[in-house]
Amino acid sequence: MRRSIVERIIAACIGLWFFHAVQAAPPEVFAPDGPGRWLPILADGLHDPTGPGVHLLQNPSDALFYLPSSFTGNKVRWVEAIQEGDIEPIASILDNNYQMQVLDLDVMRTRTAELPMVLFPHKRHTEWLDCSNCHEWLFKSKTGATRFGMFDVLSGEYCGRCHGAVAFPLTDCYTCHSVKRSSLKKPVKELELHK
Amino acid sequence: MMGIRLLTDKRYSARRYLPGIVLFMAQLLLISPQPALAEYGDVVLNKRAEKAGMRPVIFPHWFHRIRFRCRVCHTEVGFEMRAGSNDILMADIIEGKFCGMCHNNKIAWGPQNCPICHSGLPGLETGVRGGPSTGGPGKW
């Protein structure tokens with residue numbers, strides 16, 4: 001008899017835990033073609049559901065569902081979305097004929113300790129940004145002249161200005177650290193790879 | 001041998017460990033999955049809003065980057081790339097600076113539509129929010 005009481009208490013605890021876990025799961029949004037992975041505006045913990053203007057706002061799933069999908073950040077591969085023409089963001093609000101100044105130059109940063117080396121593609125960045133957004137105040141144009149470490153990036157400086165806040169997060173280690181050291185025949189310093 | 005003794009010994013009955021079991025279950029309650037809040041890159045602007053009696057502003061990066069490239073705001077409009085370092089006054093927006101360069105009834109809704117931008121929960125702190133991958137040790 002005693003034992004059954006213990007069992008009942010344990011069962012009640014498991015039941016409670018399960019109920020709690022199910023209840024705490026984020027409300028899933030369903031886009032027209034399938035399940036989404038974005039919280040609706042009214043349940044994202046930032047917007048006030050009682051505010052008079054919230055119902056006018058677009059839900060992330062309404063737009064992001066149709067873009068190339070990823071597992072982190074906005075769950076969108078933004079560079080792919082712009083390269084494949086899924087989105088055509090305006091390049092300038094002052095000049096209708098403005099063309100983005102795309103620079104096709106890869107820079108390899110080789111001093112990455114145990115991790116694979118970092119290949120920085122200018123092209124993907126200049127499709128979104130101006131040179132002056134990063135140069136010369138944050139990064140010097142001379143290859144290898146800017147010394148920074150992962151600690152700086154993790155604390156929101158250098159690459160961390162965008163990566164970890166709006167661009168893909170710092171948990172995607174191997175998206176940046178993408179070139180294995182063994183692929184080089186001899187050790188090199190900072191590299192500029194002209195195309 | 002020790003294990004068998006533990007199982008058979010009456011001193012180690014389930015009843016004796018009941019408080020421990022209940023505590024363990026209580027811990028499970030605490031670590032059960034919590035919902036990730038906000039969309040990645042959402043910025044809360046609340047340096048002045050709530051002091052002036054308005055809801056905080058929620059700026060969604062995802063919404064804007066579908067429509068504009070980064071350079072539009074971070075070069076042409078002149079927003080610094082650090083949450084909290086842009087001192088934006090409502091008077092500037094109405095004059096056509098900062099948000100007001102687009103939120104002018106021509107490109108986007110104008111500054112008379114207060115509650116569309118001022119839509120945040122009261123008490124939020126200024127800063128970049130997002131999913132489980134944001135909110136590291138940094139000062140975003």
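B:Phe98 counts as partly exposed because it has 19 C-beta neighbours inside 10 Å; the term covers residues between buried, meaning 20 or more other C-beta atoms within 10 Å of the residue's own, and exposed, meaning 12 or fewer, with C-beta atoms placed from the backbone. The phi of B:Phe98 is near 45°, a positive value in a residue other than glycine. B:Phe98 sits in the loop between helix H5 (90-94) and H6 of chain B. Helices here are DSSP runs of H or I with at least four residues, strands are runs of E with at least two, and both are numbered from the N terminus.

Before going on, what you see is a predicted model, in which local features need pLDDT of at least 70 and side-chain atom pairs count only at pLDDT 80 or more, while totals for chains, interfaces and linings use all residues. Residues are numbered from 1 along each chain as its sequence is written, and chains are lettered from A and ligands numbered from 1 in the order in which they are written.

Now for confidence. The model scores ipTM 0.78 and pTM 0.76. The pLDDT, which is the predictor's confidence in each residue from 0 to 100, averages 83 in chain B, where 76% of the residues score at least 70. Residues 32-36 of chain B stay under 50, and the model has 14 contacts for them beyond four places in sequence. A contact means that the C-beta atoms of two residues, placed from the backbone, lie within 7 Å. Residues 135-140 of chain B are also below 50, with 20 contacts in the model beyond near neighbours in sequence. Where pLDDT is low, the predicted coordinates should not be read in detail.

Next, chain A. It has six helices and six strands, and from the N terminus on they run α-β-β-α-α-β-β-α-α-α-β-β. Of its 195 residues, 19% count as buried. Among contacts in chain A between residues at least 6 apart in sequence, 41% join residues at least 24 apart.

Which strands of chain A pair with strand S4 (residues 117-121)? One is strand S3 (residues 105-109), antiparallel over four bridges, and another is strand S5 (residues 177-179), antiparallel over two bridges. Pairing requires that DSSP finds at least two bridges between the strands. A:Val107 has A:Phe120 of S4(A) as its bridge partner, and A:Met117 stands opposite A:Val179 in S5(A).

Two backbone details in chain A are worth a look. A cis peptide bond, with omega about -25°, joins A:His135 and A:Glu136. A:Glu136 lies in the loop between helix H4 (122-126) and helix H5 (150-154) of chain A. The other is A:Lys75, not a glycine, whose phi is positive, near 60°. A:Lys75 is in the loop between helix H2 (60-64) and helix H3 (78-83) of chain A. Is A:Lys75 buried or exposed? It counts as buried, because it has 21 C-beta neighbours inside 10 Å.

On to chain B. Its open sheet of three strands has the order S2-S1-S3, with antiparallel pairing. Strand S2 (57-60) and strand S3 (127-128) stand at the edges with a single partner strand each, so one side of each has no neighbour in the sheet. S1(B) and S2(B) are joined by four bridges, and B:Val43 has B:Phe59 in S2(B) as its bridge partner.

In H4(B), the residues B:Cys70, B:Arg71, B:Val72 and B:Cys73 are buried. H3 of chain B is included in what covers the buried residues of H4(B). Just after H4(B), B:Gly78 takes a positive phi of about 95°.

Then the cores. A nonpolar core is a set of buried Ala, Val, Leu, Ile, Met, Phe, Trp, Tyr and Cys residues joined through C-beta atoms within 7 Å. The largest has 16 residues, and A:Leu46, B:Val44, B:Leu45 and B:Val57 have the most contacts inside it. S1 and S2 of chain B are the elements that give two or more residues to this core, and S1(B) gives the most, with three. A second, separate core of 11 residues includes A:Leu64, A:Phe65, A:Val76 and B:Ile66.

Last, the contact between the chains. How many residues does each chain bring to it? Chain A brings 59 residues and chain B brings 56. On the side of chain B that touches chain A, helix H2 (18-31), strand S1 (42-45), helix H3 (61-67), helix H4 (70-77) and helix H6 (114-117) each supply at least two residues.
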